[in-house]
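Here are a few notes to read with the model open beside you.

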Amino acid sequence: MPIDHDLFVEKRAGERLKSLRGERRRAVFGFIDALANNPFIEGEIQFEDRKGRLLQKLTVSGFVITFHVDHAITEVKIMTLE
């Protein structure tokens with residue numbers, strides 16, 4: 001059974017998401033939805049930021065998505081979309 005996490009998107013990433021069209025839009029939004037429903041998806045790269053949070057990067061349809069999952073407060077945060 002999936003564990004739903006609340007989803008938050010940083011402002012700049014949200015602006016980028018709004019500009020996506022077509023298949024790339026469907027792919028990126030599909031990944032974000034899947035991540036919120038299954039927050040145990042691992043990125044291709046994992047690293048710690050200055051605050052000590054584990055950030056992950058994953059490439060979807062040519063975009064690198066940086067995200068952070070906090071299981072303690074059931075939250076997924078999309079940090080960047082490049």
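**Notes on the core and the sheet**

1. In the largest nonpolar core, which has 16 residues, Val28, Phe31, Leu35, Ile65, Phe67, Ile78 and Leu81 touch the most other members. Such a core is a set of buried Ala, Val, Leu, Ile, Met, Phe, Trp, Tyr and Cys residues joined through side-chain atoms within 4.5 Å; buried means under 20% relative accessible area (1.4 Å probe, protein chains only). H1, H2, S3, S4 and S5 each supply at least two residues of this core. Helices (H or I, at least four residues) and strands (E, at least two) are DSSP runs, numbered from the N terminus.

2. Before going on: this is a predicted model, where local features need pLDDT of at least 70, side-chain atom pairs count only at pLDDT 80 or more, and totals for chains, interfaces and linings use all residues. Residues are numbered from 1 along each chain as its sequence is written, and side-chain values use heavy atoms, leaving out hydrogens and water.

3. Now the sheet: five strands form an open one, ordered S1-S5-S4-S3-S2, with mixed pairing (two strands pair if DSSP finds at least two bridges between them). S1 (6-9) and S2 (45-48) stand at the edges with a single partner strand each, so one side of each has no neighbour in the sheet.

4. Look at S3 (residues 54-60) and S4 (residues 63-70): they run antiparallel, joined by six bridges. Lys57 has Thr66 in S4 as its bridge partner.

5. What does Ile65 touch? Leaving aside residues up to four places away in sequence, its contacts (heavy atoms within 4.5 Å) include Val28, Phe31, Ile78 and Leu81.

Terms used:
Buried < 20%, exposed > 50% of the residue type's maximum accessible area, 1.4 Å probe, protein only.
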